[in-house]
Amino acid sequence: MPISISGSGTITGTSNITIGSSGGTAITVDTNNRVFTPARPAFLAQAVHTDANYASGTVLPWPNIIYNNGNCYSTSTNRFTAPTSGVYFFSYNVWHSGTTTNRCYIRINGNEVYGGTATRGIHARLGAVGSDSATLSCILSLNINDYVDVYHNGDSGNVTLFYANYFTGFQVS
């Protein structure tokens with residue numbers, strides 16, 4: 001039986017409360033007051049399974065999809081596209097071995113994300129001596145259809161990706 005609440009109201013009972021449509025369940029509150037949102041967009045994409053080098057000026061590819069709830073990450077564009085406006089969490093991990101400094105940036109709609117008085121966008125910096133790994137995590141406010149990618153814009157040299165490197169994200173609210 002459908003439930004309708006106008007204004008303020010209270011729903012009581014011993015069973016779960018589920019809100020959804022013909023497209024699926026949007027939210028469920030169980031009898032322990034836990035909230036589940038199975039339709040929330042989220043993804044985890046992994047780099048190639050063998051070492052691959054990418055030059056500066058490259059959007060980094062993550063062709064192996066581990067998880068892609070909502071199909072918001074595309075391997076053809078190497079980007080996550082926000083299906084709704086909201087707050088999102090993103091993280092990536094990259095690796096390189098060499099004698100040059102490299103930087104990998106989080107971008108929104110092809111533009112580096114700046115914070116405060118920073119002269120460079122939010123990025124992970126890979127050192128110039130030997131092997132180096134870097135992880136960057138951030139929270140971004142996105143509008144519907146904004147896209148996010150990871151861009152290698154180093155001083156020179158390559159970034160190497162292999163199976164342990166990843167790009168991930170999910171909607172927080």
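## Buried charges and the nonpolar core

At 1% relative accessibility, D149 counts as buried, where buried stands for under 20% relative accessible area, exposed for over 50% and partly exposed for the range in between (1.4 Å probe, protein chains only). The model is predicted, so that local features need pLDDT of at least 70 and side-chain atom pairs count only at pLDDT 80 or more, while totals for chains, interfaces and linings use all residues. Residues are numbered from 1 along each chain as its sequence is written, and side-chain values use heavy atoms, with hydrogens and water left out.

The structure holds 2 salt bridges, a salt bridge being a side-chain nitrogen of Lys or Arg within 4 Å of a carboxyl oxygen of Asp or Glu.

| Salt bridge | Closest N and O atoms |
|---|---|
| D30 and R34 | 2.6 Å |

A nonpolar core is a set of buried Ala, Val, Leu, Ile, Met, Phe, Trp, Tyr and Cys residues joined through side-chain atoms within 4.5 Å. The largest one here has 29 residues, and W62, F90, I106 and F167 have the most contacts inside it. Among the elements that give two or more residues to this core are β10 (86–97), β11 (102–108), β14 (131–142) and β15 (147–152), and the largest share, 5 residues, comes from β14.

Definitions and conventions. Helix = DSSP H or I, 4+ residues; strand = E, 2+ residues; numbered from the N terminus.
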